[in-house]
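Reader: I am new to looking at protein models. Could you help me read the aromatic rings in this one?

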Amino acid sequence: MLKHVHRIFRSDFRSWVPTIVVIGLVTTLIGACMHQFVWTNSDGFVTAATDAGLDPAAFGVVSVTIYVLVAVLSFFALTVVGSATVERTRSTFAQWRLAGASPRQIRVSLWSLVGLASVAGALPGSLLSVGLSVAAIPLFNQMAAASFPGGIGGFEPPAFHPSALAWAASFSLGVVTCMLGALLPSRRAAGVEPVEAVRGLVTRGRRGAWARWLLGGLLLAVAFTLAFAGALAPAHPEVGVEATGMVNAAIQAGLFAAAGVYVLGAELAPTVLALARTLLRPFRGAAVGVLATRSARANIDTNANVIAPLAAAIGLVGVIFSVMQSYQVTMREAGFPQSSPNYSDTVVMTGLFGFVCLLTSIAVITLSGRDAVREQALLRTAGMTPRQVFALTGWQSFLLALCVAVFALVPIGIAGSLLMSRSALLVGHPILDIPWIGLTIAVLACWGTVFLVQWVQIVPWVRRENALSLRRA
């Protein structure tokens, strides 16, 4: 079995490259955080900070935001990649079931395949984190010390030395988190009936749907509760305390809402696609678009893994910037104008989050490349022209971007309702400043990127014989 797993990985290695890059990049960030944690808790660093009159624990507090960002990023990216890897190979392992493989053998093979991809990405990523840590961590802590009251004083940190423990922890976390994403999908794939390989269909298991509805519904309920409670709570007499509470509550509500939509993406996306299909049906020139909605719903498991990271990234970034901009406007109208805000650190962190999520979606698309080649070959066999295949690809990418936009608006809307209710208590009227231009550009960028990646996958095969495409798939 393991020999066949290695052949699967090697035969289509190019499709695995984006996955390996995502795992490597996330593991690099995990490793940098691990090295930072180990170094700032070493005896030499604690002594140097204490002698300079600085609190050693403050360096950890400065890093909390980065730690949390990397943790969320790791969970989103690596679990999606693990899940997409399983979805990519379900049809292959359904054929194995037909040949006599047991469900246990399928599960072991799937975990071996995900583990192989994880190691291929986590190993270079963890090694790269050592070089990144040597260059960036001492500089980061010098900047952090300079921001403390009284400046850096006599702070002279000890020489930075990479930690073998931090390297091992980053490598292990990268592999284990990715494997975690494959846990439940591998159980579904192993339960596929062998007859499905003959039918050419791999039906979507519904056994985990109730768990997704339960968890996602609970997360959304918490988000709505925070927004509702915030609207009813009396205003604090101190403007600063009230404004700070408004910001914290809105971000918390947005985080819970984004997590809820992320969990329910595979269940809610068919509804959005069905609505789009209903709206397109009356138009005669939208026949390809109607066909695209059916194709997107048929591949909902893979498409949900494309949508989820992008929706989470745009939704959370929208919440963060809506909260910051609304806070600035509210404080100005309350008579406490703020200095010109510097969002450079926030832009860098959110940009990094969005970039990795976009890479994650690209990795999912490339993993399904064989399916895309087979689909376009079947469509051309049925009579579609290359131009119509091009239009179908554009419609499919548009529908995925539409789902991303709809899901991203949920956390923004919930956080925005809380901002409006609390700002009305402060200044007498609701205030909500959403960066619509930035969000629109982000959605359009997602549409263009998804279309480009999908088209690059099939364009070499569109003008070839259909038989070649079918054999390749």
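**Reading aromatic pairs**

Author: Happy to! This is a predicted model, and one aromatic cluster in it is formed by Trp39, Phe45 and Phe160.

Reader: How many aromatic pairs does the structure hold?

Author: There are seven aromatic pairs. To describe a pair of aromatic rings, we give the distance of the centres and the angle of the planes. Take tryptophan 167 and phenylalanine 171: their ring centres are 5.9 Å apart and their planes meet at 5°, so this pair is stacked. A plane angle under 30 degrees is what counts as stacked.

Reader: Where do tryptophan 167 and phenylalanine 171 sit, and what separates them?

Author: In an α-helix there are 3.6 residues a turn, so residues three or four places apart point the same way. Here, tryptophan 167 and phenylalanine 171 are four residues apart in helix α6 (residues 164-190), which puts about one helical turn between them. Tryptophan 167 is partly exposed, at a relative accessible area of 28%.

Reader: Is the pair of tryptophan 395 and phenylalanine 398 stacked or edge-to-face?

Author: That pair is edge-to-face, with 5.9 Å centre to centre and 85° between the planes. Both residues belong to helix α14 (residues 386-427), three residues apart, or about one helical turn. Tryptophan 395 is partly exposed at 25% relative accessibility, and phenylalanine 398 is partly exposed at 30%.

Reader: And what makes up the secondary structure of the whole chain?

Author: The chain has 16 helices and zero strands. Of its 473 residues, 48% count as buried.

Key
Residues numbered from 1 in each chain as written. Predicted model: local features only at pLDDT ≥ 70, side-chain atom pairs only at ≥ 80, totals over all residues. Heavy atoms only, no water. Helix = DSSP H or I, 4+ residues; strand = E, 2+ residues; numbered from the N terminus. Buried < 20%, exposed > 50% of the residue type's maximum accessible area, 1.4 Å probe, protein only. Phe/Tyr/Trp six-rings, centres within 6.5 Å; stacked < 30°, edge-to-face > 60°.
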